[in-house]
Amino acid sequence: MSFVNVNEIQIYEDEIQEYDILKDIITTYNQEDAFYVLDLGIIMKKHQDWIKKMPRIVPYYAVKCNPNPMVIKLLADMNACFDCASKQEIQEVMQLGISPDRIIFANPTKCPSHIIFAKNKGVKKVVIDNELELFKIKQYFPEAKIIIRFRCDSNSDSIKYVKLGIKFGCNPDDEAKELIKLIKNQGLVLHGFSFHVGSPCKEYNAYKRGIEICKELITFAKSIGCEDIKLIDIGGGFPGESGYQIDEVSYAINDAIKEIDPAIEIISEPGRYYVTAAFTLAGYLHSKKTVSNGNSLIQMYYVNCGVYSGFIEELLNLNSRQPISLYNPVFDNKYLSTIWGPTCDSCDCIIKDVLLPEFYVGDWLIWKNMGAYTTSRVCEFNGFLPPIVHSFIRKSQWQDFCAIIGRNVNCHLFELE
């Protein structure tokens with residue numbers, strides 16, 4: 001059985017460019033609503049690179065990054081597993097037919113009802129990082145395979161870097177060891193250790209530090225009689241923009257794990273890595289005006305997508321993505337510009353006071369690298385609906401996919417004039 005249904009995607013000839021696919025969608029649907037295109041071939045290639053370059057690291061896709069069902073189905077067919085953070089995410093994954101042993105409940109703090117749901121569904125791998133959470137697990141799910149998360153932040157100084165250690169992870173020097181003792185004394189199952197270096201991480205030695213701490217904690221756990229350690233989780237944080245390669249980080253990680261007992265499974269939680277470059281957003285420029293700001297003139301553009309439909313990282317000053325025009329991609333002159341989203345909120349600003357080419361009412365603006373923490377954070381503020389997602393793949397990649405999953409699928413091939 002395959003999770004992917006050929007009727008849910010469009011398959012194009014290899015030579016067709018993404019911009020032609022965008023134009024085809026605009027023409028076919030004759031509409032002005034913003035939309036995403038999802039290039040499934042990019043996700044396929046990312047997964048193939050991962051298993052080739054880090055064959056021992058089992059990827060558990062971080063559903064929170066982008067819960068698009070087609071992403072989950074494609075990765076499920078390619079034998080990936082899944083990192084879920086809530087009852088709803090577990091439900092979304094399992095209703096697609098994915099077995100509970102392919103899921104880790106990786107949120108270190110959980111509502112009791114979510115723990116009970118995981119237990120009833122057979123999702124046994126559960127992460128904790130403090131004593132009270134451990135007692136909660138003992139009360140509601142004593143059979144759980146407990147994974148202790150410790151803090152291991154990257155030393156990255158990037159303004160885009162999210163330091164998850166300020167919220168999650170115990171101190172590995174003392175708190176983690178006290179939790180190990182408590183798990184032993186309470187008769188619970190210590191299954192492994194996890195960490196997350198933050199996201200996106202460009203300091204690859206952070207993974208090596210985390211892996212070394214895991215080795216030390218495993219040695220300590222075994223010294224007090226916890227012999228059944230089965231898992232190390234190195235977290236996520238891998239970038240995924242167009243052109244990013246995992247070669248350098250894979251060298252660091254492979255070197256750090258080469259002496260670990262092969263009986264111990266090593267997993268990771270990539271999210272951005274898989275989806276960032278796979279999604280492109282198209283927005284319609286419906287209004288424009290020029291305003292004076294002292295001695296300067298500013299071009300004010302209004303499009304039908306904004307911080308509530310994909311640009312939350314712009315609102316949080318974590319990103320600053322600039323568009324190009326779909327139909328007029330090259331301009332010589334640039335002007336001081338601001339691009340506003342469609343709502344009546346003055347915080348709904350995609351980019352402010354930057355130099356951009358001149359755009360015109362009726363233009364379609366295109367943003368690349370829009371797959372991570374975009375569709376998962378949308379809402380219907382002011383009555384503007386989330387952009388829909390059009391999934392596609394190219395013919396040769398679809399044939400490769402069919403070979404990977406071991407079945408042949410007849411498909412309708414889309415050819416553009």
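Analyst: Begin with Glu248, which is found in helix H9 (residues 247-257). Helices are DSSP runs of H or I with at least four residues, strands are runs of E with at least two, and both are numbered from the N terminus. This is a predicted model, where local features need pLDDT of at least 70, side-chain atom pairs count only at pLDDT 80 or more, and totals for chains, interfaces and linings use all residues. Residues are numbered from 1 along each chain as its sequence is written, and side-chain values use heavy atoms, with hydrogens and water left out.

User: Is Glu248 buried or exposed?

Analyst: Glu248 counts as exposed, at 55% relative accessibility. Buried means under 20% relative accessible area, exposed means over 50%, and partly exposed is in between, with a 1.4 Å probe and protein chains only.

User: How far apart are Glu248 and Tyr36 in space?

Analyst: They are 31 Å apart, C-alpha to C-alpha, and 212 residues apart in sequence.

User: Which residues gather in the patch of negative charge on the surface?

Analyst: Asp173, Asp174, Glu175 and Glu216 do. A patch is made of residues with over 30% relative accessible area and no salt bridge; like charges are joined within 9 Å, and nonpolar side chains (Val, Leu, Ile, Met, Phe, Trp, Tyr) within 5 Å. Asp and Glu count as negative, Lys and Arg as positive, while His and the chain ends are not counted.

User: Where is Asp174?

Analyst: Asp174 sits in the loop between strand E7 (145-149) and helix H7 (175-185). Its relative accessible area is 42%, so Asp174 is partly exposed.

User: Switching to salt bridges: how many does the structure hold?

Analyst: It holds 19. A salt bridge is a side-chain nitrogen of Lys or Arg within 4 Å of a carboxyl oxygen of Asp or Glu.

User: Which residue does Asp49 pair with?

Analyst: Asp49 forms a salt bridge with Lys45, and the closest N and O atoms are 2.9 Å apart. Both residues lie in helix H2 (residues 40-53), four residues apart, which is about one turn of the helix. Asp49 is buried at 14% relative accessible area, whereas Lys45 is partly exposed at 43%.

User: What about Glu133 and Lys110, how do their side chains meet?

Analyst: Their side chains meet in a salt bridge of 3.4 Å, N to O. Glu133 lies in helix H6 (residues 131-140) and Lys110 in the loop between strand E5 (103-105) and helix H5 (112-121), so the pair ties together parts that are 23 residues apart in sequence. Glu133 and Lys110 are both buried.

User: Glu143 and Lys119 next. Where do those two lie?

Analyst: Glu143 forms a salt bridge with Lys119, with the closest N and O atoms 3.9 Å apart. Glu143 is in the loop between H6 and E7 and Lys119 is in helix H5, so this pair links distant parts of the chain, 24 residues apart. Both partners are partly exposed, Glu143 at 42% relative accessible area and Lys119 at 33%. Elsewhere, salt bridges that share partners join Lys110, Glu133 and Lys136 into one network.

User: How many disulfides are there?

Analyst: Zero, from a search of the whole structure. A disulfide is a pair of cysteine sulfur atoms within 2.5 Å.

User: Now the backbone. Which peptide bond is cis?

Analyst: The one from Ser199 to Pro200 is cis, with omega near -15°. Pro200 is in the loop between strand E8 (189-194) and helix H8 (205-223).

User: What is the phi of Asp353?

Analyst: Phi of Asp353 is near 55°, a positive value in a residue other than glycine. Asp353 lies in strand E15 (residues 349-356) and is partly exposed, at 38% relative accessible area.

User: And Tyr373, buried or exposed?

Analyst: Tyr373 is buried, with a relative accessible area of 15%. Tyr373 also has a positive phi, about 55°, although it is not a glycine.

Definitions and conventions
Accessible areas come from the Shrake-Rupley method with a 1.4 Å probe; for residues, only the protein chains shown count as cover. The place of a charge is taken as NZ of Lys, CZ of Arg, CG of Asp or CD of Glu.
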